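Let's take a walk through this one together. Have the viewer open and follow along chain by chain.

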Amino acid sequence: MARTKSPYKTRLALTPYLLLSPAFLVLIFVVALPLVFSLYTSFTGYRLVRPDTLWNWVGTRNYERIFADLDFWIAFGRTILFLAIALNLEFILGLGIALLINRITWGQRTLRTIMMFPMMFSPILVGYQFKFIFNDNIGVLNNALQSLGISDAATPWLVDRYLALGSIIFAEVWMSTSVFAILLLAGLFAMPRDPIEAARVDGCSPWQVFRHITLPFLMPFAFIAMTIRSLDVARAYDIVDVMTGGGPAGRTELLWTLIARVGYDNARMGQANAMAYVSIILSIAFTYYFFTKLVAARRYMGGAA
Amino acid sequence: MSGPLKRRIVAVATWIGTFLLMLVICLPGLWVMLTGFRPNREVLAKPAIWIPEQFNLNNFAKIFGFGAEQIAIPVPAYFTNSLVIALTSTAIALIIGMSGGYAFARFRFPFKDSIFLGLMLSRTVPGIALSLPVFMIWSRIGLIDTKLGMIIVYTALNIPFTIWLIDGFFRQVPKEMSEAAQVDGCTRWQAFWKVEFPLAKSGIASAGIFAFLTSWNEYALASQLTRSTDSKTLPVGLMDFTAQFTIDWAGMSAMAVIIIIPALILTFLVQKHLIAGLTFGGVKG
Amino acid sequence: MKSPRLKSLTCAALLPLLMPSTAALASEFDGYTLRVKLIGGAQYEPLYAEIPKWEEMTGAKVEVLSRKNHFELDREIKQDIAAGTLDWCVGSNHTSFAPQYGDIYVDLNGVIAGDVLGKFDELAIKNSTVGGKLVQLPRHADISNLYYKKSLYEDQANKDAFKAKYGYDLTPPDTFEQFKDQAIFFADAPTFYGTQYVGKDEAITGRFYEMLVANGGALFDEDWNPTFNSEAGVRTVMWFKELYDAKAVPAGVLNYLWDDTGLGFASGTVALNLDWAGWASFFNDPANSKVAGDIGLVRAPKGTSGKRSGWSGAHTFSITETCDNKEAAASFVTFLTDHDRQMIEARAGLLPTRTQVWDDAKAEFAAAGNDFLVTVFDTYAQSMAEDAFTPPLIDTWIEVSNEIWPALQAAILGEKTPQEALDEAAEEARIIMEDAGYIQ
C-alpha cells in the first residue's frame, strides 16, 4: 500500500512501540511475571503450607506425574469436549438471536438490553443460580416438570453421567451466548445491503441468500466471538466449582477444578502449576486456531471487520 | 389500503414474539431476581409454591441491617469499591487500548501479527493459575486488599480485548480522512482527536461496556486479592451469604438484584452508542 | 467417662463463675489494635456482636481482616503462609484443618491460664491438641445425631407393615442396619425419601470414616498404612450404595452438602436425618420448617462392632506465632469462649465446650419450657461424652479425603466395585502418606 509522505517518517519506526508500551508494561507486571514464577514452581515440589519447599527442585517430576495420571487426561479431554460443545452452541444460538433482533426496527434498544441481560450476571452467581435450578429435590426445574405433569421423576440433573455435564454446559451457554449475539448483530449491521438485494432480484431463495452471502460475511465476526470466548472461557471455573465441584465421581471434572483442588485444597502448588501450564497450552491452541481462521476469513472478505 | 396496516401488524407481532422469546431466555435470571423478594422458606419449598404468598423487601432490609437476625452486610462499601474499581480500570484500559489499538490499526512494524497474538494470548491464562503468583507479588509490594491492586489486575484483564475492538474500529475509519487533515496542517495528534477519535467514539464505548461488565462481575481473582471492606467487591460480597453449612439463597438473590440493576441501567444508557458504534461499519459498506 | 453435665440440672442455679481475667483491668491494652480473621456466616455472627464489650473492657480495638466461610478462610491462610503475610494475631480454626498449618500457631498452654483451660471439656481440649501443642481454643463442638419424623413411628399401619416385612418392631434405629431398613421402608421417591446423606467433599469422607470406625475398621494402621479398603470398608460403602440403589435417598445426594440435607429434612419430605445440633432450633421453628413439633432425636446408630459413629470436630480460635501482643490475643480468645459468650452460642443450638455451659443452657431451656432443646442438649451431651472421636489429626487429612470421596462416589454410582474404588483410593493415599513422610 502506498503511503503518503509524512514529515514524521523518521519517528514512525518507534511510535507504534511507544503506543504499545503501556499495554506491555501492565501485562508484564500482572501476567508475565507471575507466569514466570509459576513456571518455576512447576519444577519444584512447592507445597503452599511449607514455604521452604519452594527451593525443592524436582525437575520434571510434576510433569511426569501428570502425564501418567489418567484422571488428568480424562479431565483434559472433557475440557476440550466442554469447550467444543459450548462454543458451537453459543454460536448457533447467538446467530439465531442476532438474526431475529436484526429484523426489529422499533424498540430494538430495549430488546438488545434484554438480550445482554445474562452478561450482567457474575459467573459465581450463575453457578449458584443453576445449582438451585437443577437441584433434584427442591429445584425449580424438577418442580416445574412435576407441576406441569411432564415428568414425575426427580431427575438428578447434577449427578447423572450425561446430564451433569449437560447442565454445566447449559449454564455456561446461558451466560455467554449474549457475547456471540451482540458481536454477530454488529456483523449484521455492518453488512452491505446491495449484494443481498442483487441476489433477491436474481431469484435466490432466502436460504440461499443466507447461506452464500450473509453467513460468509458474518464468519469473521463469529471467529472474533469464538476467539474472545476461548480467551476467557476459564471463568467457567466459577460456575462448575459452585454447581458440582467437578463431581460426582469426577464426571464434571474440568482442568480448572482439578487445578484448584490440587493447588489449594491439597496445597501442592508445584503440581497444580504444571497442570496449569498444560491447560494454558490448550487455551493457546484454541485461540490460535480461531485466530488463524479469523485472519483467513478476513482476507476472504477483503479486510472487513 | 390494508398494506401498511398489515405490515405494521406483522412488525408488532414480530416484536412481541421476539420479546417473549427473550423473556424465556432470560427466565433463569428473572427467577433469581424474583427470589430476591421472597423468603427462603417459600423459594426452597417442596411442593413448589408458584404464586408468591409473600413478596416484599425483607431480604433487602436484612442486607442493609434493618432486620433483627442478621448482621448487616456492608453493601455501601462493596458498592463503592466495585464502582471505583470497575470504572477506573475501564477508563485506564480504554486509554491504553486506544493507544495500542491505534498502533495496530495505523502502523506497520516488525512482528506486528505475533505481538498482536501475544497480547491476546495473555488473556488465556486462567485466573486460577494467576491468583497465587499475583497474590505473592502483590503482598510484597502492599497491593493486597487495596483498590489500586484490583484496578491494575482488571486493567490487565481488559487490555487485550479492548485493543482488539478498538483496533477494529480505527481500521474502519478511512486512513485518507486523517491524512487529509494532516495535509491541511494538523499534527497527527490533532488529526487523531479531531477526525479519528470522534468516528471511533462509539466503538470505544462498546469496548468500554465490555470491560466494565468484566470488572464488575469478576470473582475468581477478586476473591483472592481482596480481604476487607477496603477493597471487597460486590461479587465477593455474595459469598457473605454462604456459611459453613448453609446458603441464604434468598438473601444472595437480593444482593444479586443490587449488583445487576446498575449494570443493566448502564448497558441501557450505552446501548445508543453501541448501536451507533456497530452501525458505523454499515456506513462504510 | 461420665461427665458431670449429665447429672441433671442441680447446678443450674449456679451463676457463671467465670469472668475473663482481663475484666478487672480496664484499658489494659489501650490503643492496641488486634488484627483477626474470623469464620463468617449466620450461625457464627451473633458472637461477634459481643466484640465491642471486649474492646470496652481492655481499651483495645479489634480489626476484622476477613470474615469468610472455613474453606475460603483455609485458602486465605495458606496464601498467607506462602506469601509470609501472617501479620495478624487471632484466626478462626477447626480441629480438622489445624494440623495442616504447621507451626504458625502458638501452644496455648502457658499463654492461657491453666484454671481457664480447666473449665473446658477434657475431650475438647484433647482434640484441639496437635503434636502435644494446644494450637487452638475450642469455641463450640460438632457431632451428629439422628433426627427423625416422629409421626411416622407412631402410625400403627407403618408399625404393622414394617414388622411384617422386617420381622422386628419399628422403633427409631439403634444400628446402621436398622437405619438402612427403615430408610428404605419409608422411601417413596420422588415425593418422600427415607434419608439423605452429604455426598461430596470432606463431608462424605467424614461420614464414611465414622461408620468405618463403628463397623470395626480403621483408616490407617499404626504405621499409617491405609487400611480403609478392608472388608469393613467395603461393608460401609455398601450401606451408602444400597440406600442409593433403593432410591431411599434423592438421586442428587452426591452433590449435596450440609445445607441440602438440613433443608431437605425441614421440608418434611425426609424420614431420618443424621445431622448436627446447629439445625435443632431451625427444625423446630414453624416459620422455617414443616416438621416443627414432629421431631424425635436419638443418638447416632451403632455399627457392626457395637460402637456408635461419632465423627466430631470443633470450631476454635488460634493465636499466631508472629503475633506482636500475645497477651491481648489470649485475652480476646478467652473472652470469646467464656461462659457468657458460650451461652449466647448455645441458645442458637451450638454445642458448648465448657462443661458448666451445658448445664446452664439446659436449665435455661427447661425454664423457658423448651423441652425439645433440652432433649437435644441431653442427647448431644451424651454423644459428645461417650462417642466423640476426631479424624486423624494429620496435615494430610484433607488431601487423603480428596482421594477417598471421589472413590466413594464412583462406588455408589456403580462405576467401580466398592473394593476396586477403595483399593485405588488406598493406593493414592499411600503415596500421599509416603510423600508427607509418615510412611518410611
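How many helices and strands does chain A have? It has 13 helices and zero strands, where helices (H or I, at least four residues) and strands (E, at least two) are DSSP runs, numbered from the N terminus. Before going further, a word on the ground rules: this is a predicted model, local features need pLDDT of at least 70, side-chain atom pairs count only at pLDDT 80 or more, and totals for chains, interfaces and linings use all residues. Residues are numbered from 1 along each chain as its sequence is written, while chains are lettered from A and ligands numbered from 1 in the order in which they are written.

Back to chain A. Its C-alpha atoms fill a box of roughly 75 × 70 × 30 Å, taken along the principal axes. Of its 305 residues, 54% count as buried; that label goes to a residue with 20 or more other C-beta atoms within 10 Å of its own, with exposed meaning 12 or fewer and partly exposed in between, and the C-beta atoms are placed from the backbone. Take the contacts in chain A between residues at least 6 apart in sequence: 67% of them join residues at least 24 apart. Contact here means that the C-beta atoms of two residues, placed from the backbone, lie within 7 Å.

Now for the neighbours. The contact between chains A and B takes 79 residues from chain A and 74 residues from chain B. On the chain B side, helix α12 (residues 249–284) gives the largest share, 16 residues. Sorted by class, that side has 51 nonpolar, 18 polar and five charged residues. The classes work like this: Ala, Val, Leu, Ile, Met, Phe, Trp, Tyr, Cys and Pro are nonpolar, Asp, Glu, Lys and Arg are charged, and the others, Gly among them, are polar.

Two packed helices are described by the angle between their axes and the distance between the axes. Helix α2 (residues 15–41) of chain A packs on helix α7 (residues 147–172) of chain B at an angle of about 130 degrees, with the axes 9 Å apart. That makes α2(A) oblique to α7(B). The axes are lines fitted to C-alpha atoms, for helices over the stretch in contact, and angles run from 0 to 180 degrees between N-to-C directions; under 35 degrees counts as roughly parallel, over 145 as roughly antiparallel, 65 to 115 as roughly perpendicular and the rest as oblique. From α2(A), the contact is made by A:A23, A:V26, A:L27, A:V30 and A:V31, and from α7(B) by B:I152, B:V153, B:T155, B:A156, B:I159 and B:I163. By class that gives 10 nonpolar, one polar and no charged residues.

The other pair is helix α5 (residues 108–115) of chain A with helix α1 (residues 3–35) of chain B, whose axes come within 10 Å and cross at roughly 20 degrees. That makes α5(A) roughly parallel to α1(B). A:L111, A:I114 and A:M115 meet B:T18, B:F19, B:M22 and B:C26 there, a set that divides into six nonpolar, one polar and no charged.

Staying in chain B, look up B:M120 in helix α5 (residues 112–121). With 22 C-beta neighbours inside 10 Å, B:M120 counts as buried. Its C-alpha atom is separated by 7.2 Å from that of B:F161, 41 residues apart along the chain. B:D145, in the loop between α6 (127–140) and α7 of chain B, has a positive phi of about 60 degrees although it is not a glycine.

What about chain C? Its contact with chain A takes 28 residues from chain C and 25 residues from chain A. The largest share of the chain C side, six residues, comes from α17(C).

Inside chain C, strand β1 (residues 33–39) is mostly covered, with five of its seven residues buried. β1(C) pairs with strand β2 (residues 61–68) in the parallel sense over seven bridges, and pairing requires that DSSP finds at least two bridges between the strands. C:V36 has C:V64 as its bridge partner in β2(C). Two bridges also join β1(C) to strand β3 (residues 90–94), again running parallel, and C:K37 stands opposite C:G91 there.
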